[in-house]
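Dear colleague,

Please find below the structure that I am handing over to you. My notes on what was found in it follow directly after.

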Amino acid sequence: MTDLITALAVVFVTAGVFLLIANQFSLSPIPFYLLAGLVTGTIVAEPELIELAQWGIAFLVFTFGFRTDFSSVESVLRDAETAAVTQLLVVGPVAFGVAHLVFGFGLENAVYFAIAATLSSTIVGARELEQEIRSNLVHGRLASSVHFFDDLLAIGLIVVLSAEQYTATLLTSKIGYGVIFLLIALLVYRHGFPLLVRLAGDSDELVMMGSISILIAFIAGAELAGVSIVVGAFAAGIAIRGDDVSALGVQNGIASIRDFFVAIFFVTLGALVSIPSASVLVVALALTVLVLVANPLVLMFAFVYEGYDARTAFLSSTSLNQISELSLVIAIQALLLGSISETLFDAIILAAAATMILTSVARRYEEPVYRSLIERLVSGRQTRKIDDRSAVDDDLEDHIVIVGYGRQGRRVVETCERLGREYVVMDNDPVLWDDMRAECHNYVFGDALSTYPWTKARVSEASLVVSTVDHRPVSEAVLEVETDADVILRSETAAEAQALLEQGATYVSVPNVLAGDHLTELVYAVGTDKTDTETLKDEHLDYFDALERHGFASRGRWGKTD
């Protein structure tokens, strides 16, 4: 215990120093956590590092399970299944062949190599796409969908590969334990956690302590059953209801815990990196190339095949080019069982650190790479696809171009129809394409950051452009379009709205400001008896019914479009 506490102290002292440097230059903290790990690795012994890494990953998997939204599983599978399965079927066998035929690894080690080459990191990907996911942009949702798919697959692999011997009886028992943990988790989710909330009353502290107790109970059960503590942590995350108002206190507490264990995980990962031999370097290089090049290419073409535009497909796929932290769990588990070669283990650790660092760096160059290379390769095909999936009258003029067909976009469309104004809707989300065809007379299926969709929308003849998308690059792209039309944009902050106004926008919608104005109007209407509370309530219920009819009220974080 003393050695473990000492190791923790070293981890956080070194992490704090490097985090100060990252904060000073406004850089991503992940590469600096890894660099802190290189220092930590010279002080802390490997057994303590491996134990810390296991516990760090277990708590991170717990937060992943806690965030699982069952109502959005259908949407996730719809978005990700083709691309994720294609990646598994293409990259997996190629990686297995490279490991077995080129490097001479046995079948079991070749499987470990293929797993590391195929699965992508939820932690790194979600951090790099934090703004896009929060804004519910299409490429952020797609990347989250594939992460979700990969994580579920990884949990299943952890259960199977935790068997010390691959006999039918042992494998069946491991899978059985995994199913039992899942069933118990669902039972606690349905009955146990609501009971805990009722007993705790209004005390967030009691609910939080109860949640941690559930986590410890599941981890202890996993230890007794002889399966990875990661499986128990994932089941505990599912058992705690994160989709209820009563869980807000738990959400805030778990967010703090997550940041604590993110630091532990990345520092210990960096500490496990050792000076590589020539053979380790070659294997790690091959693995890195597969993850950074093969995975994004396969995923990009799969997304394009599904109907997404090239830019969305490219940005989604480049967010999935890092080795998964759950692949590291599998590698560590295999090391403890003695079923993975030291060369392969060191190569996986080195490649994981390299891909996580390079992902942070590559994000800065995505747009130049897309414009200079990808856009040229697929421009003709994408133009034909936009033509095939769009419908705009040839003589349309003095119309309104509406960017985004989410909740706000639909309300703008309803207003145009009520006023008898012609309009064109522009969106690049295939989930909404059927709705656009059924509900809009003029529509363009394309990316607002590309040039051709604007030409197709006849923006030069438009009188007004309205963007309902709260994303700075989209707003700036709208302002760069050659048109005399007035431009209305959307922004999250007043400071950004002011900057967009100075760049040429006619008006910028700031939802928080508008919500405050609307609330003031409601209070005034009720206070002056211009409306009564029953009428106000009925109108509000009608509004939410309309949201439900369009699917926005019940969609999870993978299904939102505004």
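In these notes, a helix is a DSSP run of H or I with at least four residues, a strand is a DSSP run of E with at least two, and both are numbered from the N terminus. Please bear in mind that this is a predicted model.

Most residues other than glycine have a negative phi. D398, although not a glycine, has a positive phi of about 55 degrees. D398 lies in the loop between α17 (366–388) and β1 (400–403), and it is partly exposed at a relative accessible area of 47%. R458, likewise a residue other than glycine, has a positive phi near 55 degrees. The loop that holds R458 runs between α20 (452–456) and β4 (464–467), and R458 is partly exposed, with a relative accessible area of 24%.

Finally, which residue is 9.2 Å from E375 in space, C-alpha to C-alpha, and 75 residues from it in sequence? That residue is S450. E375 itself sits in helix α17 and counts as partly exposed, at 24% relative accessibility.

With kind regards

Definitions and conventions
Residues are numbered from 1 along each chain as its sequence is written. This is a predicted model: local features need pLDDT of at least 70, side-chain atom pairs count only at pLDDT 80 or more; totals for chains, interfaces and linings use all residues. Side-chain values use heavy atoms; hydrogens and water are left out. Buried means under 20% relative accessible area, exposed over 50%, partly exposed in between (1.4 Å probe, protein chains only).
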